[in-house]
Structures are given as structure tokens and as C-alpha cells.
Amino acid sequence: MKLVNRRKGCQSVSQNWHAETIRPAMAEDVGRIMMQHPLWTRYGVTQESAKQRVELLLNQGELGLGLRCDGKLAAFAIYGDKTFGDHGYLRLLGVGKMFVGHGLGGALLDLVEKNLGERQIDRLFCLCNLENSGALRFYQNHGYVVVGNLPSWSQPHLDEVILVKRGLA
Ligand SMILES: CC(C)(COP(=O)(O)OP(=O)(O)OC[C@H]1O[C@@H](n2cnc3c(N)ncnc32)[C@H](O)[C@@H]1OP(=O)(O)O)[C@@H](O)C(=O)NCCC(=O)NCCS
């Protein structure tokens, strides 16, 4: 697949990626990507806590999907399928800093939606920090709609919105 560097408005960046299941043993790589973004450090996440959390989630049955580019884990999604009834919940989505803006996040989100849709799961929910305007735009461009607010959700100074996309199945 050709990756388009949207931020530079050109098609000069061309790399191959392949999708793979994220296993608990890859939790450290996921944590490494998370540490590249101020989003997660604002929530007090550390490399070690990220690793432990991802390992635990996967061991408890959450699903993990990643994209590998040039031998490196470049993007990851951790998601479940039992939220608000039996709907999907995208718990974590991240793209390695050097790969941001090249279409990987969108490609991975498409794969997660396809995977859920094939299992007759029709809706995918996620939370997004209200100040994370880039991610909010990203989700809205992919058909997600804000359906609720969670002020001071995980910490007093951090407000979340609930987004949902319908019609996956
Ligand atoms: C949000 C994120 C997953 C998007 O992945 P991506 O691979 O950069 O996204 P794509 O290249 O498929 O799409 C680019 C779109 O993402 C959005 N975007 C968000 N952050 C961006 C950034 N730092 N640089 C460029 N685009 C960004 C823009 O809306 C852009 O749309 P545009 O083409 O209209 O400008 C990624 O930027 C990321 O990991 N951010 C940090 C973690 C995060 O916020 N996760 C979501 C938590 S709710």
C-alpha cells in the first residue's frame, strides 16, 4: 500500500505495511509508541505501566491489531467487543511519531471496523480527550459522531467525549 504524507500534501512517502495480531509479548512495543505522545504522559502513563496494562488487557481477552512498517511496529489498536451491550470499544489507538499523518491510523481503524463488522458487531465506540483536536478531527473524518460528554472523567482536569460509528455490520 502506498502511504501518502497528507501533512505535506504529497505522495512522496511510499512504504509497505502489514497487519498483525498484537500479542501480550508485544506490549513493550505498544508502550514505546504511547510514550512518544504527550497524550498518554498527561494521563500519567509510563513505559512500564503501559506495558503492564496492555499485557493485562490482552490476557483478559481484549483484541490487538497492529501495522508493521520496515520491521517496526508502527501503529496499534486495542479493542473489545462487549461495551454498551455487545458493541465494540476502541480502547487505545496510536501511531508511532515518525509514521503519523501517513494514513496508517485510518488504515488500522478500517481494519478494526472490518473485523468487528464481520462478527456482526454494528457499532464502535471510543473516548477522545476534548483537547485532542487532531484525533477528534481524525475520528469525525472517519464517520464517528460525538454522542456524549464525560467531564473530569479519569482525572479532574481531563474531559472526554464519547464517539460512535454505526453501520459496521
Ligand atoms: C490520531 C492518530 C491515531 C491518527 O493517526 P494517523 O496515522 O496520524 O492518521 P491518518 O494519517 O490516517 O490521518 C490523518 C488525520 O489524522 C488527524 N491527525 C491527528 N493528529 C495528527 C497529527 N499529529 N498529524 C497529522 N494528522 C493528525 C488529522 O485529522 C488528519 O486529517 P487531515 O488529513 O484532515 O489533516 C495519530 O495521530 C496518533 O497516534 N495520535 C496520538 C495518539 C492519539 O491521539 N490517539 C487517539 C486517542 S483517542
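1. Basis of the note. Residue numbers start from 1 along each chain as its sequence is written. Because the model is predicted, local features are considered at pLDDT of at least 70 and side-chain atom pairs only at pLDDT 80 or more, while totals for chains, interfaces and linings use all residues.

2. The largest nonpolar core. This core holds 35 residues, among which Val30, Ala75, Ala77 and Leu104 touch the most other members; a nonpolar core is here a set of buried Ala, Val, Leu, Ile, Met, Phe, Trp, Tyr and Cys residues joined through C-beta atoms within 7 Å. A residue is buried if 20 or more other C-beta atoms lie within 10 Å of its own, exposed if 12 or fewer, and partly exposed in between, with C-beta atoms placed from the backbone.

3. At least two residues each come from α1 (27-34), α3 (47-59), β3 (72-83), β4 (87-95), α4 (104-118), β5 (124-129) and β7 (158-165), and the largest share, 6 residues, is that of β3. Helices (H or I, at least four residues) and strands (E, at least two) are DSSP runs numbered from the N terminus.

4. Surroundings of Val30. When neighbours within four places in sequence are left aside, Val30 is in contact with Ile22, Ala50, Val54 and Phe76, contact being defined by C-beta atoms, placed from the backbone, that lie within 7 Å.

5. Pairing of β3 with β2. Strand β2 (residues 63-69) pairs with β3 in the antiparallel sense over 7 bridges, where pairing requires that DSSP finds at least two bridges between the strands. Phe76, listed above as a contact of Val30, is the bridge partner in β3 of Gly66.

6. Pairing of β3 with β4. These strands also run antiparallel and are joined by 7 bridges, with Leu90 in β4 as the bridge partner of Tyr79. They form a hairpin with 3 residues between them, and Phe84 in the turn has a positive phi of about 45°.

7. Asp70. The hairpin of β2 and β3 has 2 residues between the strands, and Asp70 lies in this loop with phi near 50°, a positive value in a residue other than glycine. Most residues other than glycine have a negative phi. Asp70 is exposed, because 10 other C-beta atoms lie within 10 Å.

8. Gln120. In the loop between α4 and β5, Gln120 likewise has a positive phi, near 65°. Gln120 counts as exposed because 9 other C-beta atoms lie within 10 Å.

Key
Contact = placed C-beta atoms within 7 Å.
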